[in-house]
Amino acid sequence: MRDTKLDFLKELANIGTGHATTALSQMLSGRLFQLVVPDAQMLPFDKAADYVGGSEQVIVGIFVVVSGDVRGHMAFLLPLDSALVLVRLLTGDDSGEVHELARSALQELGNIMITSYLNALAKMTDLLMAPSVPGVAVDMAGAVWQSVLAGAEVANEVTVIRTEFFADGESIEGHILFLPDDDDFGKIAHSLGLEEM
Amino acid sequence: MAKTVLITDDTAFMRMTLRNVIEKNGYSVVGEAGDGEEAIALYKELTPDMVTMDITMPKMDGISAIKEIMKVDPQAKIIVCSAMGQKPMVIEALSAGAKDFLVKPFDAERVVESLRKIGS
């Protein structure tokens with residue numbers, strides 16, 4: 001059961017992340033490439049923060065609440081270093097700090113990635129998945145997790161998708177988190193003709 | 001005289017990106033709105049020839065803003081620029097009165113093409 005669910009999530013992750021990466025690459029005028037096939041992991045809540053960089057490491061999180069036929073939470077998390085590379089490519093700002101315009105660029109980038117991912121799943125399942133206005137947090141991973149998951153139905157485990165990109169000679173690491181509410185996870189599986197999971 | 005455009009998007013980065021594209025192509029950006037409410041107020045004040053409209057925004061979303069602007073001016077020319085390209089949303093925006101729907105990320109040519117088509 002758990003393996004089937006994980007396989008299914010990996011497949012969704014492949015498709016969603018593929019679309020999200022294409023979108024991100026377009027934003028960066030084709031200067032970005034996906035390096036590795038996305039890897040999905042189901043982790044206990046307390047281990048998940050470590051997996052994205054250790055709860056003490058500073059990360060950037062862009063997060064939304066999903067509503068519509070499928071409800072849940074979604075986020076794009078990346079280490080500060082990676083976020084700063086993207087900011088430089090998008091705005092030309094290489095101050096190494098997250099100023100107001102950098103924050104706004106990261107918000108838009110996260111929004112486009114998350115929404116492209118959801119658009120791909122929505123097309124496959126014919127279910128509406130509408131993201132909220134994204135929140136942005138720049139903080140230690142532990143604190144960002146709290147913001148991302150505020151109000152989420154997290155029972156025991158969360159699914160984290162790790163991706164690695166390559167842009168302008170630098171490697172960029174990112175994590176995509178998609179947390180459909182339990183009832184609605186079944187809806188996605190069902191609409192794709194899979195038995196209840 | 002250059003056609004005038006009002007930009008609506010909740011992120012300053014996207015407003016800046018759109019402004020660059022629009023101004024480089026001979027249009028005049030007369031205002032920038034950060035949410036639907038601001039878009040309606042600025043539309044009344046500036047009466048622009050065209051409006052770019054994001055969908056997911058705080059305070060008032062783009063769909064509600066399109067409906068309100070169309071009430072004020074049934075001839076309004078509104079182009080949606082949103083990442084949210086799912087079918088029900090596109091249909092809702094177009095039936096509310098939007099003339100075109102661009103899914104982010106878009107390339108500059110697509111924006112210009114839409115401005116030319118809608119503005120003529």
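Two residues are in contact if their C-beta atoms, placed from the backbone, lie within 7 Å. This is a predicted model, where local features need pLDDT of at least 70, side-chain atom pairs count only at pLDDT 80 or more, and totals for chains, interfaces and linings use all residues. Residues are numbered from 1 along each chain as its sequence is written, while chains are lettered from A and ligands numbered from 1 in the order in which they are written.

**View 1. Chain B meets chain A.** The contact takes 19 residues from chain A and 15 residues from chain B. Helix α1 (residues 12–24) of chain B gives the largest share of the side of chain B that touches chain A: three residues. By class, that side has nine nonpolar, four polar and two charged residues. Here Ala, Val, Leu, Ile, Met, Phe, Trp, Tyr, Cys and Pro count as nonpolar, Asp, Glu, Lys and Arg as charged, and the others, Gly among them, as polar. The predictor gives the complex an ipTM of 0.84 and a pTM of 0.88. The mean pLDDT of chain B is 95, and 100% of its residues reach 70 or more; pLDDT is the predictor's confidence in each residue, from 0 to 100.

**View 2. Chain A as a whole.** Six helices and eight strands make up the secondary structure of chain A. Helices (H or I, at least four residues) and strands (E, at least two) are DSSP runs, numbered from the N terminus. From the N terminus on, the order is α-β-β-α-β-β-α-α-β-β-α-β-β-α. The C-alpha trace of chain A spans about 50 × 35 × 30 Å along its principal axes. Of the 197 residues of chain A, 45% count as buried. A residue is buried if 20 or more other C-beta atoms lie within 10 Å of its own, exposed if 12 or fewer, and partly exposed in between. Of the contacts in chain A with a separation of 6 or more, 71% join residues 24 or more positions apart.

**View 3. Strand β4 of chain A.** Strand β4 (residues 72–79) of chain A is mostly covered, with eight of its eight residues buried. A:Gly72, A:Met74, A:Phe76 and A:Leu78 point one way from β4(A). A:His73, A:Ala75, A:Leu77 and A:Pro79 point the other way. In a regular strand the side chains alternate between the two faces of the sheet.

**View 4. The partners of β4(A).** Strands pair if DSSP finds at least two bridges between them. Strand β3 (residues 58–68) of chain A runs antiparallel to β4(A), joined by eight bridges. The two form a hairpin with three residues between them. A:Phe63 stands opposite A:Ala75 in β4(A). Strand β8 (residues 170–180) of chain A also pairs with β4(A) in the antiparallel sense, over six bridges. There, A:Ile176 in β8(A) is the bridge partner of A:Phe76.

**View 5. Helix α3 of chain B.** In helix α3 (residues 62–72) of chain B, B:Gly62, B:Ile63, B:Ala65, B:Ile66 and B:Ile69 are buried. They lie on the same side of α3(B), because they cover an arc of only 160° around the axis. The arc is that of the directions from the helix axis to the C-beta atoms. Among the elements of chain B that cover these residues are β1 (4–8), α2 (36–46) and β3 (50–53).

**View 6. B:Gly85 in its loop.** B:Gly85 lies in the loop between β4 and α4 of chain B. B:Gly85 counts as buried because it has 20 C-beta neighbours inside 10 Å. Leaving aside neighbours within four places in sequence, B:Gly85 is in contact with A:Asn119, B:Val90 and B:Val103.
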